[in-house]
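Subject: Structure handover and notes

Hello,

Here is the structure we talked about. Please open it alongside these notes.

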Amino acid sequence: MKKLLIYQIGKEKYNMSNLILCTGNLSEVPYILKNTNQEIYSIEELCYYLYHHIATAEDFLFDEDLIQFIHTKLGMPERATILLGLLKEKASLKEMAIALFDSTDLYTRKELEQFVAELDKLETLQSWQKVKQKADSYLESGNYKDASSLLERILQEQKTEHLQESLIGDVYHNLGICKLHRMGVQQAVFYFQEAYERNHKEES
């Protein structure tokens with residue numbers, strides 16, 4: 001029988017919930033994704049998270065502990081063997097992702113083609129753009145500590161990157177959000193002021 005699982009990705013933070021039809025095993029103990037602390041109970045959840053968080057994929061997709069979880073907790077030894085083989089061969093992110101998606105019918109061919117296109121697009125981005133995408137993903141998942149570190153890194157390197165003032169303002173704004181959650185309003189005010197001086201956005 002197919003098992004139904006209501007899978008919610010941080011409903012309060014994302015303002016969204018999704019119903020996923022899980023055809024494989026559901027682990028009683030979740031796997032916790034590094035840096036975002038997202039709990040994973042099924043292969044469908046893992047694929048869903050990967051599909052919507054490409055920027056952070058390198059943080060967890062090359063993890064032997066995850067492959068072991070797929071092997072033992074999800075009861076997919078053959079898929080785990082394929083992934084482990086790719087890992088030892090130092091396969092690309094694209095190869096690892098495709099091997100993972102091949103384990104479920106969650107996405108159509110067209111959707112996977114769109115994913116690959118987004119992944120190829122990610123590879124063409126400048127260094128600071130990749131960092132910002134990852135920081136934004138951390139921010140959405142509530143990992144304000146790592147998001148702060150990446151955003152501060154962009155600000156430190158922005159002189160060599162020659163970023164537009166509006167883009168720097170957006171970085172300050174997101175950093176303000178991180179400071180607000182971690183340290184309170186008083187610490188965040190400075191960053192929102194810096195953001196508004198550069199991007200003049202009502203939100204800041």
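A residue is called exposed when its relative accessible area is over 50%, buried when it is under 20%, and partly exposed in between (1.4 Å probe, protein chains only). This is a predicted model: local features need pLDDT of at least 70, side-chain atom pairs count only at pLDDT 80 or more, and totals for chains, interfaces and linings use all residues. Residues are numbered from 1 along each chain as its sequence is written, and side-chain values use heavy atoms, with hydrogens and water left out.

**Backbone: positive phi**

H200 has a phi near 55 degrees, a positive value in a residue other than glycine. H200 sits in the segment after α10. Its relative accessibility is 56%, so H200 counts as exposed. Helices here are DSSP runs of H or I with at least four residues; strands are runs of E with at least two; both are numbered from the N terminus.

K90 also has a positive phi, near 60 degrees, and is not a glycine. You will find K90 in the loop between α4 and α5. K90 counts as exposed, at 75% relative accessibility.

**Salt bridges**

The rule is a side-chain nitrogen of Lys or Arg within 4 Å of a carboxyl oxygen of Asp or Glu. By this rule the count is eight salt bridges.

Start with R198 and E165. Their closest N and O atoms are 3.6 Å apart. R198 is in helix α10 (residues 185-199) and E165 is in helix α9 (residues 165-183), so this pair ties together parts 33 residues apart in sequence. R198 is partly exposed, with a relative accessible area of 21%. E165 is partly exposed too, at 46%.

D170 pairs with K201, with 3.0 Å between the closest N and O atoms. This pair links distant parts of the chain: D170 is in helix α9, K201 is in the segment after α10, and they are 31 residues apart. K201 is partly exposed, at 40% relative accessibility.

R198 has a further partner. Its side chain meets that of E194 in a salt bridge of 2.6 Å, N to O. Both residues are in helix α10, four residues apart, which is about one helical turn. E194 is buried, at 15% relative accessibility. Salt bridges that share partners join E165, E194 and R198 into one network.

R79 lies in helix α4 (residues 77-88).

The side chain of R79 does reach the backbone oxygen of A99, at 2.8 Å. R79 touches A99, D102 and S103, leaving aside residues up to four places away in sequence. Contact means heavy atoms within 4.5 Å.

**Helix α3**

Which residues of helix α3 (residues 64-72) are buried? They are L66, I67, F69 and I70. Seen down the axis of α3, they fall within an arc of 155 degrees, so they line one face of the helix. The arc is that of the directions from the helix axis to the C-beta atoms. These buried residues pack against β3 (31-32), β4 (39-40), α2, α4 and α5. The face of α3 turned away from them carries the exposed residues E64 and D65. D63 caps the N-terminal end of α3, with a side-chain oxygen 2.9 Å from the backbone nitrogen of D65.

**Helix α6**

Helix α6 (residues 109-124) has 16 residues. From first C-alpha to last it reaches 23 Å, close to the expected 22 Å. The expected span is 1.5 Å times one less than the number of residues.

The buried residues of α6 are F115, L119 and L122. Down the axis of α6 they fall within an arc of 55 degrees, so they line one face. They pack against α2 (43-52), α5 (93-101) and α7 (127-141). The face of α6 turned away from this buried side carries the exposed residues R109, K110, K121 and T124.

Best wishes

Definitions and conventions: Polar contact = N/O pair within 3.5 Å; in protein donor to acceptor, adjacent residues only side chain to side chain.
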